[in-house]
Amino acid sequence: MPRPGPRASGRPPYTVCAALLLLLAGCAAPSAAPGPTAMRTTHAPTAVRTGTHAPTAHAPTGNAGAAGPGAAAARRPAAPTGPLGIRMLGQVVRSAIPAESRQALVVTGNSPDSSEATAVLYTRDDPTVGWQPVAGPWPAHNALYGWTDEHYVNDLRTPIGVYGLTAAGGRLEAPGTELPYVQSPAFTASGEGFDGESLEGSFDYVIAIDYNRVPGASPLDPTRPLGEERGGGIWLHVDHGGPTQGCVSIPEDRMEELLRILDPAKVPVIVMGDVAALAR
């Protein structure tokens, strides 16, 4: 698939070895006008597979019989970090998270046009406590030109929204995950990124983000329910040290950790966008 040239900074174009993989990987640039701001929600399947489960965070209960000035504070549970425990999320975004979801990876971009972000994993295993952070913050990258409400092929922007995380894969064997996992040499990447960094190993582990795809299908599945022009192949994958074409990337050890934690029975989602978009 053709690629736009680098920006005025003189960065080389982003390349990988296989044309099919490039099409699927979506590590795709600027739409003529921003689209609607409604969050897109995709539900993950709830089938349970053998593996590890996400840790559960509980508020401290303190000691009911404690005395002294610190006793009252010790008895009080920690306050949730917001109405749903994720303070930076606004009402529109919060309402897009499925009620049955108990795992949410929140990826917060530095600004609408930034390719740098931060990822934090939250769980909601105890309704009396609400959403609580259990992993992160982790450094992350998103697309070269930042974020968009209306993603199109080659716009080099990452779609904003709430999406299911329902399938994974990679060049390497699964590190122990309950998500359906496809190991294939088709996940091999080569070439250089926008900053001249090597892309080797970028797809050693991937988790498909359910933007314009069939939930639960292999990350390599080319089906695009919204149409080919709306792009696809938006993945979480191993960070290569620079901007992506549309995906979100985190360090390899964090990808392994995330794969071990995510549980389809907890309907995991990714909540992603720049700071202002997530505050809607």
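Q: How are helices and strands set here?
A: They are DSSP runs: helices are H or I with at least four residues, strands E with at least two, numbered from the N terminus. This is a predicted model, so local features need pLDDT of at least 70 and side-chain atom pairs pLDDT 80 or more, while totals for chains, interfaces and linings use all residues. Residues count from 1 along each chain as its sequence is written, and side-chain values use heavy atoms, without hydrogens and water.

Q: Where is Pro137?
A: In strand β3, residues 132–141. A cis peptide bond joins Gly136 to Pro137, with omega about 5°.

Q: Switching to Arg94. Where does Arg94 lie?
A: In helix α3, residues 91–96.

Q: Buried or exposed?
A: Arg94 is buried (under 20% relative accessible area, 1.4 Å probe, protein chains only). Arg94 has no salt bridge (a Lys or Arg side-chain nitrogen within 4 Å of an Asp or Glu carboxyl oxygen).

Q: Which side chain of opposite charge is nearest?
A: Asp274, 15 Å away. Lys and Arg count as positive, Asp and Glu as negative; His and chain ends are not counted.

Q: What does the Arg94 side chain reach?
A: The backbone oxygen of Leu89, at 2.7 Å.

Q: What is the phi of Asn212?
A: Positive, about 50°, although Asn212 is not a glycine. Asn212 sits in the loop between β8 (206–209) and β9 (235–238). Asn212 is buried, at 5% relative accessible area.

Q: And Val267: what phi there?
A: Positive, about 50°, and Val267 is not a glycine. Its loop runs between α4 (252–261) and β11 (269–274). Val267 is buried, at 2% relative accessible area.

Note on methods: Buried means under 20% relative accessible area, exposed over 50%, partly exposed in between (1.4 Å probe, protein chains only). A polar contact is a pair of N or O atoms within 3.5 Å; within protein, one must be able to donate a hydrogen and the other to accept it, and residues adjacent in sequence count only if both atoms are side-chain atoms.
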